Amino acid sequence: MNAGFVFVDVPGIRWDAKYATWDNFTGKPVDGYLVNRIVGTKALVAALTMAHEKAESLGFGLLLWDGYRPQRAVDCFLRWAEQPEDGRTKARYHPRITRAEMFEHGYVATKSGHSRGSTVDLTLYHLDTGELASMGGGHDLMDPISHHGAAVGEVETANRQHLCSIMEACGFRRYDSEWWHYTLIDEPYPDTYFDFPIG
């Protein structure tokens with residue numbers, strides 16, 4: 001692993017690295033994800049530690065879906081988008097747009113902020129039950145319902161607002177098209193896209 005990067009090992013923060021599994025929009029593990037772990041810059045981990053403490057005060061914990069993303073994984077997304085649609089993941093992840101339109105609408109990028117190591121995809125879980133908080137749409141649902149300000153239920157709106165306020169208070173900025181996506185404002189490598197594998 002590159003200097004300045006570490007595994008996210010913070011007591012109470014859970015993870016499910018979706019791109020290391022078959023449970024993602026490509027339908028299979030993605031290049032560069034050799035283990036189901038989350039990696040990020042040391043600055044990201046410090047900020048997530050603060051965010052977890054704030055979440056705990058509200059009765060929540062954090063669950064991470066992605067952090068650092070190797071450039072080879074982004075390249076894998078590009079190759080996948082050029083393949084014919086097989087319908088296996090479309091209904092769940094991009095029901096109203098084509099694979100190519102994922103890039104046009106900004107849901108997937110040819111150069112991802114994740115590859116700089118200080119962007120994270122995450123959600124909240126309830127500390128008392130361990131269940132994920134309802135957010136009105138799942139991770140990587142590429143649809144307007146995933147945008148901040150989308151018309152979702154009262155509980156879902158409140159949960160999205162909780163996550164946003166926690167993250168923004170800890171030095172992150174949100175991505176308006178994805179309620180789960182946050183980038184550290186003072187990221188240590190703002191112009192570098194890394195490609196070392198996660199393993």
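## A salt bridge at Asp-121

The side chains of Arg-69 and Asp-121 meet in a salt bridge, with 3.7 Å from N to O (a salt bridge being a side-chain nitrogen of Lys or Arg within 4 Å of a carboxyl oxygen of Asp or Glu). Because Arg-69 lies in the loop between β4 (60-66) and α2 (71-81) whereas Asp-121 lies in strand β5, the pair ties together parts that are 52 residues apart in sequence; helices (H or I, at least four residues) and strands (E, at least two) are DSSP runs, numbered from the N terminus. Arg-69 is buried, with a relative accessible area of 7%, and Asp-121 is buried as well, at 1%, where buried means under 20% relative accessible area, exposed over 50% and partly exposed in between, computed with a 1.4 Å probe on protein chains only.

This is a predicted model, in which local features need pLDDT of at least 70 and side-chain atom pairs count only at pLDDT 80 or more, while totals for chains, interfaces and linings use all residues. Residues are numbered from 1 along each chain as its sequence is written, and side-chain values use heavy atoms, with hydrogens and water left out.

## The annotated binding site

Under "binding site", an unreviewed UniProt entry lists His-114, Asp-121 and His-181; UniProt positions are given in the numbering used here, feature names are shortened, and annotations may be inferred rather than shown by experiment. Although these residues are spread over 68 residues of sequence, they cluster in space, the largest C-alpha distance being 9.6 Å. His-114, Asp-121 and His-181 also belong to the lining of the largest pocket. On a 1 Å grid over the protein atoms alone, a pocket is an open set of points where a 1.4 Å probe fits, with protein on both sides within 12 Å along at least five of seven lines, and its lining residues have an atom within 4 Å of a point.

Asp-121 is found in strand β5, residues 119-126. His-181 lies in strand β7, residues 178-184, and counts as buried at 13% relative accessibility. With the same exclusion of sequence neighbours, the contacts of His-181 include His-114, Val-120, Asp-121, Arg-174 and Tyr-175.

## Further salt bridges

A search of the whole structure finds 15 salt bridges. In one of them the side chains of Asp-143 and Arg-96 meet at 2.7 Å, N to O. Asp-143 lies in the loop between β5 and α5 (154-169) and Arg-96 in the loop between α3 (90-93) and α4 (99-104), so this pair ties together parts that are 47 residues apart in sequence. Asp-143 counts as buried at 6% relative accessibility, whereas Arg-96 is exposed, with a relative accessible area of 62%.

Glu-187 forms a salt bridge with Arg-173, the closest N and O atoms being 3.8 Å apart. This pair links distant parts of the chain, with Glu-187 in the segment after β7 and Arg-173 in strand β6 (residues 172-175), 14 residues apart. Glu-187 is buried at 9% relative accessible area, while Arg-173 counts as partly exposed at 37%. Lys-18 has its place in the loop between β2 (14-15) and β3 (39-41) and is buried, with a relative accessible area of 11%; not counting residues up to four places away in sequence, Lys-18 touches Asp-23, Asn-24, Trp-65 and His-139.

## Aromatic rings

The structure holds 14 aromatic pairs, where rings of Phe, Tyr and Trp (its six-membered ring) pair if their centres lie within 6.5 Å, and planes under 30 degrees apart count as stacked, over 60 as edge-to-face and the rest as tilted. One of the pairs joins Trp-179 and Trp-180 in an edge-to-face arrangement, 5.4 Å centre to centre and with 85 degrees between the planes, and both Trp-179 and Trp-180 are buried. Phe-5, Tyr-68, Tyr-189, Phe-194 and Phe-196 form one aromatic cluster.

Charges also sit over rings, which requires NZ of Lys or CZ of Arg within 6 Å of the ring centre and within 35 degrees of the ring normal. Arg-14 lies over the face of Tyr-125, at 4.2 Å from the ring centre, and the charged end of Arg-37 sits over the ring of Phe-7, 4.2 Å from its centre.

Methods. Contact means heavy atoms within 4.5 Å.
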